[in-house]
Amino acid sequence: MPKRRNPAEEEEALRVSNAIDEELRRERELLRRKRAREVKVMLLGQAESGKSTLQKQFQLYYSSKTLDDERPSWRPIVYFNILKAIRMILDELDWQYGLGASGADPLLPHPHPGPSPLLPSTSNTSGSGSGSGSSTRSLPNPAWFPELAQLRNKLLPLVASEDALAAELSGGISVAGGRSGVYVRAGWQALVSGAGRAWPLADAYRTAMTPRQCAVTNIVAKTLAASVDEIEMLWWHSGVQSLIKGNKLRLEEYAAFFLANIRRISQPDYLPSNEDILHVRLQTIGVTEHAFDINLGGAHYNWLLYDVGGARHAWVPYFDDATAIIFLAPISAFDQYLEEDPRTNRIDDSLQLFTAICSNKLLSNAALVLMLNKTDLLRQKLQAGIKVRKYISSYGDRPNSYEEVSEYFRAHFIQVHRRKDISHRPLYLHFTSMLDIKATQAIIINVGEAIMRQHLTKIGLA
């Protein structure tokens with residue numbers, strides 16, 4: 001038989017048990033208070049929908065000092081974006097005008113290694129191009145050829161550094177399928193700038209910029225400065241502008257902004273401006289967390305903003321306690337198709353993703369914000385005469401005006417919400433252009449107030 005404890009031992013055991021209970025109670029109370037001050041917001045949407053740009057807008061509004069600290073880290077990323085844009089132009093000049101084909105007559109078609117990702121596919125007449133839908137080359141002015149050939153030869157050494165810069169910025173990260181580019185994980189800013197931690201970063205990202213990264217970035221900067229005249233001449237050349245106006249050359253959205261500002265960017269003391277940082281295109285891998293301290297009515301709240309990249313549904317179970325979801329749908333993408341599935345229109349893909357979010361039980365308690373994004377690009381495309389009905393047959397004979405088109409897309413997303421949202425929550429909808437700082441920050445204030453109302457109601461303080 002076990003030995004009976006004496007009264008003193010019983011009293012001590014009870015004291016220890018009560019102390020443990022009290023400690024657990026205090027921990028539960030601390031956790032409850034922490035959660036009451038913690039607001040989790042998920043940024044969702046397909047690739048290139050504007051999630052990272054919205055995150056930067058939040059940072060600019062709520063934590064501008066951290067953006068100032070990060071400014072040097074964006075410099076090599078801007079350089080990479082410019083190198084990629086120049087390479088895409090030269091590739092298309094080679095294809096359209098035969099500048100890179102040895103002994104080829106630029107006026108005659110020449111063999112092409114495969115369908116250009118910048119041109120409409122001949123197997124899909126409503127492909128990613130937004131021009132006539134034909135992949136035949138336009139006949140150029142013969143006077144362009146010697147000029148463009150000379151510019152091409154002078155810029156090839158600059159473009160040759162694209163892969164080296166990408167490899168250094170990616171820090172050894174590679175993506176399946178052999179795709180080139182810069183792919184980064186959370187905390188890349190510390191790797192590139194060597195500055196203090198702007199955000200809560202993992203220990204692996206606290207190291208400074210390596211000598212090799214410095215060397216590659218400085219080489220690119222010097223080569224860029226030495227080539228600024230040729231870059232300007234290439235960008236404004238009639239042969240290049242002709243391809244752009246004819247929708248034969250499809251550059252990424254940032255390209256025109258950076259190439260038009262190349263003389264400023266090539267200065268030795270260049271530091272990216274807020275506008276530069278908002279225009280940058282950088283592909284993130286995995287989930288990145290950004291923290292903001294927000295003061296509301298004298299109370300401090302910790303906003304945790306999650307920018308979700310990579311797999312679309314694997315992250316859902318980890319965010320069942322999210323306060324809000326901000327879903328971004330780029331309505332300018334009506335004439336574009338998914339890179340991984342050229343048969344799927346990007347508007348259709350956004351609607352499918354939005355349907356999945358509305359019908360997901362794990363996310364049903366989160367406030368839902370919908371941003372129909374890139375309205376500035378939508379206006380540009382419609383003004384250029386690109387017809388929505390060519391890419392979305394259900395649009396029919398409606399007027400090809402911004403008012404009609406934007407309302408058509410809005411109605412489709414609202415219909416999905418009404419039919420598929422299992423919790424029948426309200427939908428906060430906004431038309432946005434993430435590059436418009438003043439307008440976007442007004443929307444951020446509006447969205448923030450709606451999210452906080454939802455949060456206070458959830459924790460029983462409203």
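Here is the part to examine: how does helix α3 (residues 64-97) cross helix α8 (residues 228-235), and at what angle? Which residues of α3 and helix α4 meet?

Analyst: This is a predicted model, in which local features need pLDDT of at least 70, side-chain atom pairs count only at pLDDT 80 or more, and totals for chains, interfaces and linings use all residues. Residues are numbered from 1 along each chain as its sequence is written, and side-chain values use heavy atoms, with hydrogens and water left out.

First, the setting. The protein has 16 helices and eight strands. These are DSSP runs numbered from the N terminus: helices are H or I with at least four residues, strands are E with at least two. Of the 462 residues, 47% count as buried, meaning under 20% relative accessible area with a 1.4 Å probe, protein chains only. Contact means heavy atoms within 4.5 Å. Among contacts between residues at least 6 apart in sequence, 75% join residues at least 24 apart.

Now the helix pairs. Two packed helices are described by the angle between their axes and the distance between the axes. Axes are lines fitted to C-alpha atoms, for helices over the stretch in contact, and angles run from 0 to 180 degrees between N-to-C directions.

Take α8 first. The axes of α3 and α8 come within 11 Å and cross at roughly 55°. That makes α3 oblique to α8; angles under 35 degrees count as roughly parallel, over 145 as roughly antiparallel, 65 to 115 as roughly perpendicular and the rest as oblique. The crossing is left-handed: the near helix is turned anticlockwise from the far one by less than a right angle. From α3, I86, I89, L90 and L93 meet I231, L234 and W235 of α8. By class, this contact has seven nonpolar, no polar and no charged residues. Ala, Val, Leu, Ile, Met, Phe, Trp, Tyr, Cys and Pro count as nonpolar, Asp, Glu, Lys and Arg as charged, and the others, Gly among them, as polar.

Next, α4 (residues 144-159). Its axis and that of α3 come within 10 Å and cross at roughly 140°. α3 and α4 are therefore oblique to each other. Here too, α3 passes in a left-handed crossing. On the α3 side, L83, I86, R87, L90, L93, D94 and Y97 take part. They meet W144, F145, L148, R152, L155, L156, L158 and V159 of α4. The residues of this contact divide into 12 nonpolar, no polar and three charged.

Notes
Buried < 20%, exposed > 50% of the residue type's maximum accessible area, 1.4 Å probe, protein only.
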